[in-house]
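Student: Hey, I've just opened this one and could use a hand. Can you walk me through it?

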Amino acid sequence: MAAKLAFIFFSMILTNNYVLVKFLGICPFLGVSKKLDSAIGMSAAVTFVMVVATAATWPIYTNLLEPQGLGYLQTIVFILVIAILVQLLELIMKRFMPPLYNALGIYLPLITTNCTILGVTILNIDNGYNYAESLVCSLGAGLGFMLAMVMFSGVRRRLEEARPPKPFEGLPITLVAASIVSLSFTGFGGLIEKIFGM
Amino acid sequence: MEKQSKKSNRLAVLTNGLLHENPNLRLVLGTCPTLAITTSVFNSVGMGLAATFVLIGSNMAISACRKLIPDKVRIPAFITIIAGFVTVVMMLVQAFVPDLYNALGVYLPLIVVNCIILGRAEMFASKNPVIESALDGLGMGIGFTLTLTVMGFVRELLGAGTVLGFQVLPANIEPFSILVSPPGGFFVFGVLMAVAIWLDERRGKTVNADPETAGCAGCANSALCHGEGGKV
């Protein structure tokens, strides 16, 4: 059990990295990775919402939608739950945890339509994970997102001094750089499976 | 006279999405499916058509209720309408093209959070009449489908040596299999975007917005976060 959880956790961070391997959450990856502190703030907010969203959507699907044969409503129900949850979290943080709100608050409205959140909640159901596995998977996915953001913010600082051909300036060269970062992650392929013998 | 200008205006709305306001390459919206599912032409066309259907449907529905939806709750209302259309598409694809359903996997339900659709709802459908909104959805959908197809064509041809599953490159040429893997997605997208910028500049059109913030300016959330994402 513990081995399976550790396997899910590390494979979500390295071999199944949401940004670099599964291409979820590319918009914040390109938009908010310019500075290290905002990259960390955004990914901390994403990780937090991912875990909370999974904690809320998994029981709703398993106990409410599935037994009633309403599985096809998954998309509508999940996106609404996430939208409400983000609003609720913002209110709670503003009222009871002002320091946390000051650090993460500006990123929260961005998160509702972030595909990583909806993606992780749907993939947890698709993969047939139980409650503990789903939560660990979400935590791993969030930390993997953070790893990619932090690494890439370092790459982008160097990119600002680069002089690419004119049509490549700005986003195109950033995408080529992301391709090379992603290439380095393919090096982890098979590593986690070997370590945990899965 | 007035009728004619209205007609040409509608044509402009339709063709806008093809290159100058191409949703992927110029507005930098909907990057996730663009990178993820363009490993073959079949997947690209399927994804493009599914998104086009949702785009036309949601644009028309949102445009029709644009005066009924209170401004404060418009984003959740838009998302709910879009999610309804996505569910319809999912059920249709699952019933009639199960191969495509399996190939697209989680990216099919994720059309809900595709910023092209919410972006057009926010920028166009919530301000324009039904017919124009439908045309805008069609134009943007075709632009999206074309970009996906070009990406899928390049990646499938060079990465696997096939087009739509048929062997095209001679078998003795080793395909660059890196192009169908994740790093190739970023690379081909970056190069295509540079080509689109180059083409637009050659035609003497001004480049829309600052390319650095284009992704944020086009994003439906930019009103909510006041462009923080682009500036920080």
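Predicted model: local features only at pLDDT ≥ 70, side-chain atom pairs only at ≥ 80, totals over all residues.

Student: OK, how many residues of H6(B) are buried?

Tutor: 10 of its 11 residues are buried, so H6(B) is mostly covered. Among them are Cys115(B), Ile116(B), Gly119(B), Arg120(B), Glu122(B) and Phe124(B).

Student: And what does chain B look like overall, in helices and strands?

Tutor: Chain B has 11 helices and 2 strands. Going along the sequence, the pattern is α-α-α-α-α-α-α-β-β-α-α-α-α. Chain B has 232 residues, and 47% of them count as buried. Also, if you take contacts in chain B between residues at least 6 apart in sequence, 73% of them join residues at least 24 apart.

Student: Now the two chains. How many residues are in contact between chain B and chain A?

Tutor: On the chain B side there are 47 residues, and they are in contact with 45 residues of chain A. Several helices of chain B give two or more residues to that side, including helix H2 (31-36), helix H4 (74-96), helix H6 (115-125) and helix H8 (182-202).

Student: Which one gives the largest share?

Tutor: That's H8(B), with 12 residues.

Student: What kinds of residues are on that side of chain B, nonpolar, polar or charged?

Tutor: There are 33 nonpolar, 11 polar and 3 charged residues on the side of chain B that touches chain A.

Student: Switching topic: which residues have the most contacts inside the largest nonpolar core?

Tutor: That core has 113 residues, and the ones with the most contacts inside it are Val49(A), Ile111(A), Leu118(A), Val54(B), Ile82(B), Ile111(B) and Val112(B).

Student: Take Val54(B). What is it in contact with?

Tutor: Leaving aside neighbours within four places in sequence, Val54(B) is in contact with Ile82(B), Phe85(B), Val86(B), Val89(B), Ile111(B) and Ile117(B).

Student: Over to chain A. At what angle do H4 and H7 of chain A pack?

Tutor: Helix H4 (residues 74-96) and helix H7 (residues 115-126) of chain A pack at an angle of about 130°, with axes 10 Å apart. The crossing of H4(A) and H7(A) is right-handed.

Student: Which residues make the contact?

Tutor: From H4(A) you have Gln74(A), Phe78(A), Ile79(A) and Ile82(A), and from H7(A) there are Ile117(A), Leu118(A), Thr121(A) and Ile122(A). By class, that's 6 nonpolar, 2 polar and no charged residues.

Student: I clicked on Phe23(A). Where does it lie?

Tutor: Phe23(A) is in the loop between helix H1 (2-13) and H2 of chain A. Phe23(A) has a positive phi of about 55°, although it is not a glycine.

Student: Is Phe23(A) buried or exposed?

Tutor: Buried, because Phe23(A) has 26 C-beta neighbours inside 10 Å and the cut-off is 20 or more.

Student: Last one: what about Ala103(A), where is it found?

Tutor: Ala103(A) is in helix H5 (residues 98-104) of chain A. With 16 other C-beta atoms within 10 Å, Ala103(A) is partly exposed. Ala103(A) and Glu169(A) are 66 residues apart in sequence, and C-alpha to C-alpha they are 31 Å apart in space.

Note on methods: Residues numbered from 1 in each chain as written. Chains lettered and ligands numbered in written order. Contact = placed C-beta atoms within 7 Å. Helix = DSSP H or I, 4+ residues; strand = E, 2+ residues; numbered from the N terminus. Nonpolar A, V, L, I, M, F, W, Y, C, P; charged D, E, K, R; others polar. Axes fitted to C-alpha atoms, helices over the stretch in contact; angles between N-to-C directions. Left-handed = near helix turned anticlockwise from the far one by under 90°. Buried ≥ 20, exposed ≤ 12 C-beta atoms within 10 Å, placed from the backbone. Core = buried A, V, L, I, M, F, W, Y, C linked by C-beta atoms within 7 Å.
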